[in-house]
There are 4 protein chains.
Amino acid sequence: MHSRFTPGGRSIRRMSDQTNYEKPPADYTDLRAIYINCSLKPTPQQSHTQGLMDRSINIMRKQGVQLDVVRFADHDVATGVYPDMREHGAATDAWPEDLWPRVQAADILVVGTPIWLGEISSLGRQLIERLYAMGSMTNDKGQYIYYGKVGGAIVTGNEDGVKNVARHVLYSLQHIGYTIPPGAEAGWIGPVGPGPSYLDPEAEGPKTDFTNQHVTFMTWNLLHLARMFKDAGGLPSYGNDGNAWQKGERFGFEAYP
Amino acid sequence: MHSRFTPGGRSIRRMSDQTNYEKPPADYTDLRAIYINCSLKPTPQQSHTQGLMDRSINIMRKQGVQLDVVRFADHDVATGVYPDMREHGAATDAWPEDLWPRVQAADILVVGTPIWLGEISSLGRQLIERLYAMGSMTNDKGQYIYYGKVGGAIVTGNEDGVKNVARHVLYSLQHIGYTIPPGAEAGWIGPVGPGPSYLDPEAEGPKTDFTNQHVTFMTWNLLHLARMFKDAGGLPSYGNDGNAWQKGERFGFEAYP
Amino acid sequence: MHSRFTPGGRSIRRMSDQTNYEKPPADYTDLRAIYINCSLKPTPQQSHTQGLMDRSINIMRKQGVQLDVVRFADHDVATGVYPDMREHGAATDAWPEDLWPRVQAADILVVGTPIWLGEISSLGRQLIERLYAMGSMTNDKGQYIYYGKVGGAIVTGNEDGVKNVARHVLYSLQHIGYTIPPGAEAGWIGPVGPGPSYLDPEAEGPKTDFTNQHVTFMTWNLLHLARMFKDAGGLPSYGNDGNAWQKGERFGFEAYP
Amino acid sequence: MHSRFTPGGRSIRRMSDQTNYEKPPADYTDLRAIYINCSLKPTPQQSHTQGLMDRSINIMRKQGVQLDVVRFADHDVATGVYPDMREHGAATDAWPEDLWPRVQAADILVVGTPIWLGEISSLGRQLIERLYAMGSMTNDKGQYIYYGKVGGAIVTGNEDGVKNVARHVLYSLQHIGYTIPPGAEAGWIGPVGPGPSYLDPEAEGPKTDFTNQHVTFMTWNLLHLARMFKDAGGLPSYGNDGNAWQKGERFGFEAYP
């Protein structure tokens, strides 16, 4: 999906000034990341999307990042847009006590989803609805609860739709407060039409250099930005404190400049 | 567009720990921002999108940010996906020498576009095509040229489409290397159906508290993140250096972990 | 959503040659229509989307169309992309025996959905996944099972997203075999930002002439096209018979003309 | 793009009742079709999208359909949303006298576009803006000018985006009055990542059975529906006559049923 259009084969690349990468520029063991796989299939069924997510997870694991991996379909999450649907008629709801605290504790959220008819899975939509429903929560700075966290998307299908689905996920995350680093998406699809999926032997998905590069870049960009936020204590609240705005603070905004 | 769904009116907000905002947390006079308005109308025709963009620009101006404001329709930009279309048959092309150096010099890019039939304007698409065409350029670290820059979107229409258009813009920007801060979108639309536009007196667009809050938050989040990148020298190139990847460096990635 | 842009106020309309519409051009009592509301709320909770759907339903009822109205959230539909998820581990699945036969029996399908964060509801996505899963079925002519049926979309929210959500629904329906008549979408949203919903008294949704016109046009266009298909026995199978294609029939197609 | 998901390999297909297809069910020589290619490249540059469009055109040619094939980039079309941009400051505008009469004369419109960064080309957007700008015109029945016409989309790229782009085109067409037959889209893309395009020898695009089937089905479905409309004199104006609605006719609609 991250096609790198090379104009007329004319390379404008300059050499990197860094000649070796013996070790990463920082320690990441204090960071927490949660990977939520919105495959329609519960465990133990094979999820091709999980297959690609595992490549990203492996990079973080080797850096000692505290990892939490969730198969959304394994949890009895209720449908709706309230923090706790049990207060709105649902018999059970795994979101408020099981999943939400884990999302809230994580510095990094990676949403994985398969592609169906070119779009995000229904479970992916449901996850976004539940994340959105927490949107009135704020942190100690009066910022929306997701400020200072970073988000990414991993998408697989047997044909067509990675960009459209990643767009859906990444837009939603930045909208509610996540920061989106460069190329925060990785995906794999086969040629047009039905065909093998990522983990199917004949697909040789894991040998796709293009996908491998992008899942690697995505993973590191999530780590770099999460590192920056952790060290900086997130984003300053000047100009984005909802409470202050409600109290009349305008941070320099003028309706009629 | 950034609707803040308040679950059952139940407020989970905690008070901000900061009780006053006498002044911003940093100096922004060394930052450069470019605002590109993709209205279909050239100057001196009134652009409602420019009207909303001006609210954001005014906040930056008061902080001493170095500003560059472009009406895309005023420039004779050629159609195509090469850095310089004059090398591919175009008689003229304002992109390579007029606009591109200004985009490259800016730490912050804000793309403004009207909504037509629920989508981005054709000039907005053309801008994205030209930005995309520079995608093979890298910076001194071997990263894509847009790394370390931040992007946002401002959208207006007389009805429906802010989110869809912002999604289009923000996704494209992160895809080529921009970082997208939280709520990096602001927009204004009227009720469903034809009606007045943002600057029409009867619309009272600039009195829309919702839009005002979001254009303010967007503007400050762009400033905060650009400040962080400027101070940090951008993002580390570990894990995202395309040249190194081509040379075989894998940054911990394993195809079969 | 169906904004009618009037170029420069310059009216190019000609008078209709029909001066009165005493009665419809046909009888519609042999047609069946199913309206599926993908609100996240089960009955008896109020659904604003149902409110708008009811305006369309009322028009069809007065024509004697055989109506079936479904609140998707009331049915225990399993998640997945197989015709019967009970064969794939689901304890229960209301789709194959409860809902599918009703969809299959209908000449007209109208999908209703609310807007959440600018997108279709998760239940809307789930419905499309289940419709898609029947895509390998064919009718007596060897055409995909949805050929000869017509589809439309009804969307409501408190702000922004009608076009994007209608696009999602209508595209999916035509993709699997439905025919989409002109303006097969109707919707209602309020001004930008949180606000009242369609049926809230202060919103006065049902007084929105724009929405009323479009829900009326949509309803009649669905009826007209369904009437044409019913009378013609659907679409000819020449050029779209999947079985014949598999047997080698090419209907005039040449790979290298 | 029209992936036919076969549930568990379990075939529910019944044999077609038609055992041979010696000849089409009708004569199509009185139909007019216009194919507009929104490639960013003017002639004589090779357009891969044209390559796929030619497969559809060839089928219609063999049926004696009156064909008009346009490379949009070859025409000096002005930017804007008025019927004639020369009345709004444009020095020239090929739309009103050159292209529009040809669109208006055609029963069938097929929009072809390449994929750039997962989206429609800027010229594709411009075409839609110009089509949209004629939206206030009505036919002799008081219907929007595009009523009774049918539309389709043909999309190519080297990777990912056919569905998203087709969705954009088909939604826009139905919105302004076109009818969309089943599977009114055909496309070709290669595997994920940069690679050869449709007509590149190594791509063997024209040998893609999946794409071939769908371009064939699309072409015939456009012909079948155009034939039905031609024979029926388009759609009845009962329930969709904008002039009558303005005069107070409600066609059975009740705001408060």
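This tour moves through the cysteines and then through the rotations that relate the chains. The model is predicted, so that local features need pLDDT of at least 70 and side-chain atom pairs count only at pLDDT 80 or more, while totals for chains, interfaces and linings use all residues. Residues are numbered from 1 along each chain as its sequence is written, chains are lettered from A in the order in which they are written, and side-chain values use heavy atoms, leaving out hydrogens and water.

**The cysteines**

Select C38(A). Its closest cysteine sulfur belongs to C38(C), and at 19 Å the two are too far apart for a bond. C38(A) has 0% relative accessibility and therefore counts as buried (under 20% relative accessible area, with a 1.4 Å probe and protein chains only). Select C38(C) next: with 0% relative accessibility, this residue also counts as buried. Over all chains, the search finds zero disulfides (a disulfide is a pair of cysteine sulfur atoms within 2.5 Å).

**Chains C and D**

Display chains C and D together. A rotation of 180° with 0.0 Å of shift along its axis places chain D on chain C, with an RMSD of 0.0 Å (superposed by least squares on the C-alpha atoms of residues with pLDDT of at least 70 in both). The two copies are thus related as by a two-fold rotation axis. To find this axis, select I180(D), the residue of chain D that comes closest to it, at 2.5 Å (C-alpha).

**Chains A and C**

Now display chains A and C. Chain C is superposed on chain A by a rotation of 180° with 0.0 Å of shift along the axis (RMSD 0.0 Å). Select S122(C), whose C-alpha is the nearest to that axis in chain C, 2.5 Å from it.

Conventions:
Buried < 20%, exposed > 50% of the residue type's maximum accessible area, 1.4 Å probe, protein only.
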